[in-house]
Amino acid sequence: MTYFLDTNVIIDLLNGNSNVLAGFKNAYVSGTVRIPDLVYYEVLRGFEYSDSKNRKAAFEVFAQRCGIDFMGAETLREAAKQYADLKKHGITIDDDDILIGSLAIERNATLVTNNTKHFMNLKGIQLDNWVN
């Protein structure tokens, strides 16, 4: 099984959240853990803006170990379909979340997030929450 980590999960990992650490260890041993390119950007931009604890270097090592999955045309097509379907049903979510979720859908990965409500309306999404 492949797991994609959302931004909030990576922050929880770097902050030492014990539940998230346990979920990560289990996933890392039993499957593949990857970082969507947009999540990599979101975490990195936060550290570029304010990294008072100098965690950027630790994140870069972590990202290199996990690896980054990049969006391609198929992901963008999936995101466009998801956007249209949500809009037809009067549901709006951030484009970033549509893109992250669509990459997980397109790659048949489980998206690990603490914000399941942001993604639950995407058709075909597999979600997990390691905090609860």
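Which residues does Ile10 touch, not counting residues up to four places away in sequence? Here is a friendly walk through that question and the helices around it.

1. **Ground rules.** This is a predicted model, in which local features need pLDDT of at least 70 and side-chain atom pairs count only at pLDDT 80 or more, while totals for chains, interfaces and linings use all residues. Residues are numbered from 1 along each chain as its sequence is written, and side-chain values use heavy atoms, with hydrogens and water left out.

2. **Ile10.** Leaving aside residues up to four places away in sequence, Ile10 touches Leu5, Ile35, Val39, Val43, Phe59 and Phe62. Contact here means heavy atoms within 4.5 Å.

3. **The core.** Ile10 belongs to the largest nonpolar core, which has 36 residues; Leu5, Ile10, Phe24, Ile35, Phe59, Phe62 and Trp130 touch the most other members. H3 gives this core its largest share, six residues. A nonpolar core is a set of buried Ala, Val, Leu, Ile, Met, Phe, Trp, Tyr and Cys residues joined through side-chain atoms within 4.5 Å. Buried means under 20% relative accessible area, with exposed over 50% and partly exposed in between (1.4 Å probe, protein chains only).

4. **Helix H1.** Helix H1 covers residues 7-14, and six of its eight residues are buried, so H1 is largely enclosed by the rest of the structure. The buried ones are Thr7, Asn8, Val9, Ile10, Asp12 and Leu13. They pack against strand E1 (2-5), helix H2 (18-30), strand E2 (32-36), H3, H4 and strand E4 (110-112). After H1 comes Gly16, with a positive phi near 80°. Helices (H or I, at least four residues) and strands (E, at least two) are DSSP runs, numbered from the N terminus.

5. **H1 with H3.** The axes of these helices come within 9 Å and cross at roughly 50°. H1 and H3 are therefore oblique to each other. Thr7, Ile10, Ile11 and Leu14 of H1 make the contact with Val39, Glu42, Val43 and Phe47 of H3. By class, this contact of H1 with H3 has six nonpolar, one polar and one charged residues. Axes are lines fitted to C-alpha atoms, for helices over the stretch in contact, and angles run from 0 to 180 degrees between N-to-C directions. Angles under 35 degrees count as roughly parallel, over 145 as roughly antiparallel, 65 to 115 as roughly perpendicular and the rest as oblique.

6. **H3 with H4.** Helix H3 (residues 37-49) and helix H4 (residues 56-66) have axes that come within 10 Å and cross at roughly 165°. The two are therefore roughly antiparallel to each other. On the H3 side, Tyr40, Val43, Leu44, Phe47 and Glu48 make the contact, and on the H4 side Lys56, Phe59, Glu60 and Ala63 do. By class, the contact of H3 with H4 has six nonpolar, no polar and three charged residues. Ala, Val, Leu, Ile, Met, Phe, Trp, Tyr, Cys and Pro count as nonpolar, Asp, Glu, Lys and Arg as charged, and the others, Gly among them, as polar.

7. **H3 with H6.** These helices pack at an angle of about 135°, with their axes 9 Å apart. That makes H3 oblique to H6. In H3, Asp37, Leu38, Val39 and Glu42 meet Asp96, Leu99, Ile100 and Leu103 in H6.

8. **Ile93.** Ile93 is in the loop between helix H5 (73-88) and helix H6 (95-106). Not counting residues up to four places away in sequence, Ile93 touches Leu86, Ile98, His118 and Leu122.
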